[in-house]
Amino acid sequence: MIFERRFLLGALAIAIVFPLLGWSEYVIHVGVLIMFSIMLATGFNLIVGYVGEFSLGHTAFLGIGAYTAALLSSSLGMPIFFNIAAAAVVAAIAGFFIGAVTLRLRGPFFVIVTLCFAEVLRIVANNWVALTNGPMGIAGIVKPAWMAQQTALQQKIDFYYIGLALVTVCVYFAYRFVYSFLGRAVVTIRENRFVAQSVGIWPYSYSLLAFVVASAMAGVAGAFYAHYVSYVGPEVFGFPFMISMIIMVLLGGKGTLIGPVIGPVIVVLLEEYLRDFKDLRFSIFGLVIVAVVLFVPQGLMGFVAARREQYARK
Amino acid sequence: MLQVDNITKNFGGITAVADVSFAINKGEVVSLIGPNGAGKTTCFNLITGFYRPTAGRVQFEGTDITAFDPHRVARLGVVRTFQKTNVLPRLNVFENVLAARHLHGETSILRAFFPGKAVRVREKRVRDEAADLIETLGLLARIDTPAESLSCGELRLLEVAVALSAGPRLLMLDEPAAGLNTQEAERLADILKQLVGTRVDALLLVEHNMSLVMSVSHRVVVLNFGRKLMEGSPEQVRNSAEVIEAYLGKPVE
């Protein structure tokens, strides 16, 4: 607990200072991608790492958040921060309904049905041309007004800090979730569902709450992404986002708060570095994943999960 | 406190429990015994809502809890253990007991995300209570040990601690002495005797260790093939020809 808090605060300090060191536009762009990924991974980890169910449909909420922000911005001209908040709410509501259905299932059934929900939403986004503009997507999401006069670099730095602020909020919520009775309840459910029930924990309600919080975070990430790229297409519901989320969380260490912060940093940097290898990069990436699963199955930060709480003796 | 009326449970064509009735009063230790497959654990599952009875009724302090979900039964103060692994194996002793204290540390969801002083005070109290309970059961030396690394005897104590931590009024233990040697079982018996009246109002025990059953119980209910064979004091049960027959069979004539 204390180690995680110190580590996260240290990481925050580094992240605040980082753009001041005079990096190129490209480096800041990578930083923005990392921020986006941390939001996604932190939310996803609440489901995979704490509730202990494997969702393959978390992109549903990423997409819902992205489309919410895109539509609010392009057709109503709403400002970025309003859109992000709205995306969080809409994704949370969607998470409530999808979670209410899917969390009645467990294990492989849960995996398949969540995947179906994401896939259905992708097909809807592809075909409901009147609302989503179909495969063309929604382009021209306006940048915030204050960015109009700025250089491309300064715009990216602004987005970096917006992302960092959102990450801070997401990680704070995740931290509070994990280190309160809520986190204890979901960990109890994860470790032994029957014991959880016998001591008065209703597994369904706590799993659902975690699912809703995770959905809201994915929604925030989607809205942030929409404004940054200023384009949203049906691919936000696609499986590649899901795969990178899984890799980030597993590599970093599921069931820890640091894991989904470190995982995205490594994965995004690796993805960028391996660009030079063209098509070969996916194979190299695959090998890295295999190595992680074989040699550090608990993730790089797995050791944190092994020591979660101790009683401070007087 | 607990009133079980004519509960029956069928699994397809098999009747696991048929027409069983018994009651537990405040301050009592009641044991449920019987040969393997007699329906003892099924009775536990029926009372605590893990199974729905095919027929019959379960009441706890006047409330009909027959159709309640397990967590609601626990909320009313009926907490049971499981025959196999009643702990969270990867968590340490303290985390186990703390997790089971859930009902006492609950606040609103908003408070969980934005805790005030009241929440911190409460959190501290819950932690102190958990540590206190661990000390009572003599596990203080093992407080940081993961449950999966405990010895069998310590594990059984932790199981009792986890159930007690939930703050039950009626504690239901399913084979708490399984795998214990004579000394350890005696120590457990001492602990169980002290529980009633201090930490819990009544105790329902399923146990195969007869010396433990006879030394702690006020009343014993004997099941055989899903039916109630008899009910009485430990002496009555010990001397009953029917019970001896159920366990050992009839002599060949």
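These legends describe close-up views of a predicted model.

**View 1. Chain B as a whole.**
Chain B holds 11 helices and 10 strands. Its C-alpha atoms fill a box of roughly 75 × 40 × 30 Å along the principal axes. A compact globule of 253 residues would have a radius of gyration near 18 Å, and the 19 Å of chain B agrees with that. Of the 253 residues, 44% count as buried. Now take the contacts in chain B between residues at least 6 apart in sequence. Of these, 66% join residues at least 24 apart.

**View 2. The side of chain B that touches chain A.**
Chain B brings 33 residues to this contact, and chain A brings 25 residues. Which elements of chain B give two or more residues to this side? They are the helices α2 (70–76), α3 (93–100), α4 (102–105), α5 (109–113) and α6 (117–136), together with the strand β6 (78–80). Helix α3(B) gives the most, with five residues. By type, the residues on this side of chain B divide into 19 nonpolar, seven polar and seven charged.

**View 3. A six-stranded sheet in chain B.**
Six strands of chain B form an open sheet. Their order is β6-β7-β8-β3-β9-β10, and the pairing is mixed. Strands of a sheet pair through backbone hydrogen bonds, either parallel or antiparallel. Which strands lie at the edges? They are β6 and β10 (227–232) of chain B, and each pairs on one side only. From one strand to the next, the twist averages 15°.

**View 4. Strands β7 and β8 of chain B.**
This view picks out one pair from the sheet. Strand β7 of chain B covers residues 170–174, and strand β8 of chain B covers residues 202–206. The two pair in the parallel sense over five bridges. Find B:Leu171, then look across to β8(B): B:Leu203 stands opposite.

**View 5. A glycine in a loop of chain A.**
A:Gly233 is found in the loop between β2 (231–232) and α11 (239–252) of chain A. Is A:Gly233 buried or exposed? A residue counts as buried if 20 or more other C-beta atoms lie within 10 Å of its own. A:Gly233 has 22 such neighbours inside 10 Å, so it counts as buried. Leave aside its neighbours within four places in sequence, and A:Gly233 is in contact with A:Pro135 and A:Gly137. A:Met217 is 16 residues from A:Gly233 along the chain, and their C-alpha atoms are separated by 20 Å.

Methods. Residues numbered from 1 in each chain as written. Chains lettered and ligands numbered in written order. Predicted model: local features only at pLDDT ≥ 70, side-chain atom pairs only at ≥ 80, totals over all residues. Helix = DSSP H or I, 4+ residues; strand = E, 2+ residues; numbered from the N terminus. Rg over C-alpha atoms; globule rule 2.2 N^0.38 Å. Buried ≥ 20, exposed ≤ 12 C-beta atoms within 10 Å, placed from the backbone. Contact = placed C-beta atoms within 7 Å. Nonpolar A, V, L, I, M, F, W, Y, C, P; charged D, E, K, R; others polar. Pairing = 2+ DSSP bridges. Axes fitted to C-alpha atoms, helices over the stretch in contact; angles between N-to-C directions.
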